[in-house]
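Morning, everyone. I have one structure to show today, and I will keep it quick. Have a look at it first.

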Amino acid sequence: MSGPDSGRGSREVLARVVREHAGRLAACLVSLLGDFSAAEDLVQDAVETALRRWPVEGVPDRPDAWLFTVARRRGLDVLRRETNYRAKLARLRWPEPGESDDRLRLIFTCCHPALSPEARIALTLRVVCGLSTAQIAAAFVVPETTVAQRLTRAKRKIAEAGIPYRIPAAEELPERLDAVLAVVYLLFNEGYLSSSGDRAEARDLADDAEWLAGLLAGLMPGEPEVAGLLALIRLHRARGAARFDSHGRLVPLAEQDRGLWDRAAIAEATALLIRTARTHRRPGPYQLQAAIVACHAEAAGFEHTDWAQILVLYDMLLAVAPSPVTRLHRAVALRYVKGPAAALAELTGLEGALSRYPLLHATRAELLRALGDTSQARLCDERALGLTANPAQQALLHQRLDLTRGEWP
Amino acid sequence: MFVETEEFAKRLEAMDESEREAAYEAVVRWFAENSSKITHHMRLAPAHTATTVRLGGGEPVVTDGPFVEGKEVVSGYAEVEVADLDEALKLARSWPACPIVEIRPAA
């Protein structure tokens, strides 16, 4: 046993240990019992016991066996009337022989398109990553009862609608994998976009997203988009330290202190991306987004950015996954290749689709400012400010508005 | 449950004889191809033939028309015997007629 500890460091260690083992145990118990909800309840119970006892007693030498023992004891207790389950559970020895990793099945069930997007995220965090309901609620800043209801409804839907516990057949796989990757990406964005400064208690969802992407990449080596997503997340996180200033404000890419970027992590993620591209030769949206981020990450300074290459990558991305948001980002790259007027002209076509999207207005403001139209730029920044609820984005916009106040007639 | 939309009804109406025949044939073929899984199916007469009875508030109230006036109307159903939702989804995806299919487990 390692000694008891306290504070944030040990909480992170606990979370990591639980995450390594809870999903495996859940996967095994779902297979064994054939009942997703019952299995999940047992694991959750064991996780909550661990989170209560490990900080006091220390993390056991074999956390997986510990969790299993607690889950089984609880199972034999609560499944009193389900003799069938009890018999199966009583026979199970840990570690399970065979060592096959069933967590992939678990992930596909949790991310089934028949579940609501919120439910997919909550279920994945809880069942695959081993988060408690309270931790999920804290991460999304919603009441615990809301998360609990979401989970209960999702588990009932799985049981009653007959959502299967298996890896989808080959013909369904592309679509179903997209749904899984979307959950991981959403999770990452949720963690990445929020400033971590004032939420020391909150779980780092970006860390869970990277872990999930890594797990998927290990389990699905034949899918280049999984590796692409992993590289994308790692490239973003490698620059995380430079994204916020000491006041918790977002620092724009051009002003970031690149000395804070983790060069080793950037090189490693870029190598993964290149290896994946060469092996599979099947570029997809995540690989292309990662390649764009890699272009930024590899530039020694903002002025060294290879915008022409980025523009090409955006064109490829738009060809495989057309979206107005991507066109907006492409317009930013275009500014540095063909100038702000050309970029501004591109935005005109996006007004309809993105009128409620704060970044459209913030980008327009920047372009107008570059063209010397300060008063219009101000109006656009104010429009963006009215549309965003993200505190870091709000702070950045306030700062810009303060800076231009002097020039305001 | 098969759900028809106004648009679909218009499209069906606009078809000429041979197009309509081809559309019906596609449906017949779908039922034939999946006959081993279909235990029962029924097509309902159009919504304008519907009569609704509302109970529970004193005297039952009988009204003309479907229980909810909308652009989307349940037009029929098929009861299928499948292992899980994915299998049901696969069947629904191959359905050649009206544009909405709702899947529900039998209680």
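This is a predicted model: local features need pLDDT of at least 70, side-chain atom pairs count only at pLDDT 80 or more; totals for chains, interfaces and linings use all residues.

Now the surface. Chain A exposes about 19,200 Å². Carbon and sulfur atoms supply 53% of that area.

Next, the fold. How many helices and how many strands does chain A have? The count is 20 helices and 0 strands.

Overall dimensions. Along the principal axes, the C-alpha atoms of chain A fill a box of roughly 75 × 45 × 40 Å. The radius of gyration is 24 Å, which agrees with a compact globule, because 409 residues packed that way would come out near 22 Å.

What about contacts along the sequence? Take the contacts in chain A with a separation of 6 or more. Of these, 66% join residues 24 or more positions apart.

Let me zoom in on one helix pair. Two packed helices are described by the angle between their axes and the distance between the axes. Here the pair is helix α7 of chain A, residues 133-140, and helix α8 of chain A, residues 144-161. Their angle is about 115°, and the axes lie 8 Å apart. α7(A) passes α8(A) in a right-handed crossing.

Which residues make the contact? From α7(A), we have T133(A), A134(A), I136(A) and A137(A). From α8(A), we have E144(A), V147(A), A148(A) and L151(A). By class, the residues of this contact are 6 nonpolar, 1 polar and 1 charged.

That's my piece. Over to you.

Note on methods
Residues are numbered from 1 along each chain as its sequence is written. Chains are lettered from A and ligands numbered from 1 in the order in which they are written. Side-chain values use heavy atoms; hydrogens and water are left out. Axes are lines fitted to C-alpha atoms, for helices over the stretch in contact, and angles run from 0 to 180 degrees between N-to-C directions. Helices (H or I, at least four residues) and strands (E, at least two) are DSSP runs, numbered from the N terminus. A crossing is left-handed if the near helix is turned anticlockwise from the far one by less than a right angle, and right-handed if clockwise. Contact means heavy atoms within 4.5 Å. Ala, Val, Leu, Ile, Met, Phe, Trp, Tyr, Cys and Pro count as nonpolar, Asp, Glu, Lys and Arg as charged, and the others, Gly among them, as polar. The radius of gyration is taken over C-alpha atoms; the globule rule is 2.2 Å times the number of residues to the power 0.38. Accessible areas come from the Shrake-Rupley method with a 1.4 Å probe; for residues, only the protein chains shown count as cover.
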